[in-house]
Amino acid sequence: MDVFDRALALAGVFGPLSFATIGGGIAIVADAQRQIVDVHHWMTAAQFVDNFAISRVTPGPGSLLATLIGWQVAGFCGALAATIGIFGPTAFLIYGVAHVWRRHKGARWTRALETGLRPVAAGMILATVYVLMSGLDGGWWARAIALASTAIVMYTRVNTVLLIGAGAALLVVIHGF
Amino acid sequence: MSSAVHNPASPSPPRIVEIFNAFALVGLTSFGGGLSGRMLQDFVQQRHWIGEDDFFEGLALAQALPGVNVTNLAIWIGFRLRGWQGAAAGFTGIVMPAAMLIVLLGALFTALIRFPVTHVALAGAAAVAIGLTLSMAITAVKRLRNSFFRYVVMAATFATVALLKWPLVWVVLVGGGLSVGVEYWRMRNTTTATPD
């Protein structure tokens, strides 16, 4: 499979997923993992989790995970194809809506869309947690760090980038150099 | 006068390059979500590029429609400022510089991955990131406000995506379509009871 075939395949993975990014890009991570790891075998589950970690310490939209995966799988062409795939279709959608939107006319539909998609988004984010947790290396210590972080971020106002750095340092110390 | 260009404070809308730079700055200096709060502060309260009502209308739409909320919002604000050129500037501004940065970081970590400690450190970072995602999930579950129907939709989505590994697009189309239809029907019932 040459680079262009892979880039096309990446666009084929992320393009349809673009329409499923409801409640933020995190929702599609579970399905992206299934396609990248289980269907196409472009990387292992652990490598996928590595990339997820990098995407969390990079500023900007979290969906840039697609860009990073695209680059890992097929270089520049892959990064471009994955980025256009994940952002492009819905960009045209919101552009079209912004174009025809008249205030208050679509208010009920907006509310129905938002409340109706909420439980779907919640289920998808839970699925993302489950799938990433399954692919996470580092044993029970890593899982304990994950649960502790959930509690810390919910009950304190700690900076999340610092927390991620602390988690990395802690696991390195536990496992030794 | 075009209905697209809506500018409450300054007599002339910002230039294309200003729009690009403003969104690039937001994209490159925001970590771990919370970008919409940052944009409210930047574009409504400091630059006065867009009114508060316009902003929240755009935010509601950005959240309701599929697509990453912040890129949707960037397109909405950009379009309000300068039509399609503004939308393109907002979109590329928030995505492109950050995309280049993530590729650089990816290259850096790829170069370092031959040291085993790199993978351990990334696993530790990922563990925290997954923990943060779980807290997002808990917040999302709380927002369902104890509705049995919504819990069923959520559980069905989780089971089909995580356990049965059905393709996500179909789950969203069928489950989401059904759920949105039910909410729309519920709202119709309440609006006929209390006419506005």
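A: **A helix of chain A and what surrounds it**

In this predicted model, H3(A) runs for 13 residues and reaches 19 Å from its first C-alpha to its last, close to the 18 Å expected at 1.5 Å a residue. The helix is mostly covered, with 10 of its 13 residues buried. Those buried residues are Phe48(A), Val49(A), Asp50(A), Asn51(A), Phe52(A), Ala53(A), Ile54(A), Ser55(A), Arg56(A) and Val57(A). The cover over them includes H2, H4, H5 and H7 of chain A, and it also includes H4 and helix H5 (116-142) of chain B.

One residue of chain B shows how the two chains meet at this helix. Leaving aside its neighbours within four places in sequence, Ala125(B) is in contact with Ala53(A), Arg56(A) and Val57(A), and also with Ile164(A), Gly167(A) and Ala168(A). Ala125(B) is also listed, with Ile125(A), Ala126(B) and Ala127(B), among the residues that have the most contacts inside the largest nonpolar core, which has 122 residues. The element that gives the most to this core is H4(B), with 18 residues.

H4(B), one of the elements that cover the buried residues of H3(A), has a course of its own to follow. Helix H4 (residues 69-112) of chain B has 44 residues, yet its end C-alpha atoms are only 33 Å apart, short of the 64 Å that a straight helix would reach at 1.5 Å a residue. A bend of about 145 degrees is found in H4(B) at Arg82(B).

Ile145(A) counts as buried because it has 27 C-beta neighbours inside 10 Å. Leaving aside its neighbours within four places in sequence, Ile145(A) is in contact with Gly167(A), Leu170(A) and Leu171(A) of chain A, and with Gly124(B), Ala127(B), Val128(B) and Gly131(B) of chain B.

These local contacts can be set against the interface as a whole, in which 92 residues of chain A are in contact with 81 residues of chain B. The elements that give two or more residues to the side of chain A that touches chain B include helix H3 (45-57), helix H6 (139-155) and helix H7 (160-175) of chain A, while H5(A) gives the most, with 25 residues. The residues on that side divide into 58 nonpolar, 24 polar and 10 charged.

For chain B the assignment gives domain 1 (16-112) and domain 2 (116-193), with C-alpha centres that lie 24 Å apart. Chain B has seven helices and zero strands, and buried residues make up 46% of its 196 residues.

Methods: Residues numbered from 1 in each chain as written. Chains lettered and ligands numbered in written order. Predicted model: local features only at pLDDT ≥ 70, side-chain atom pairs only at ≥ 80, totals over all residues. Contact = placed C-beta atoms within 7 Å. Helix = DSSP H or I, 4+ residues; strand = E, 2+ residues; numbered from the N terminus. Nonpolar A, V, L, I, M, F, W, Y, C, P; charged D, E, K, R; others polar. Domains from an automatic or database assignment. Expected span 1.5 Å × (residues − 1). Bend = angle between axes of the 7 residues up to and from the residue. Buried ≥ 20, exposed ≤ 12 C-beta atoms within 10 Å, placed from the backbone. Core = buried A, V, L, I, M, F, W, Y, C linked by C-beta atoms within 7 Å.
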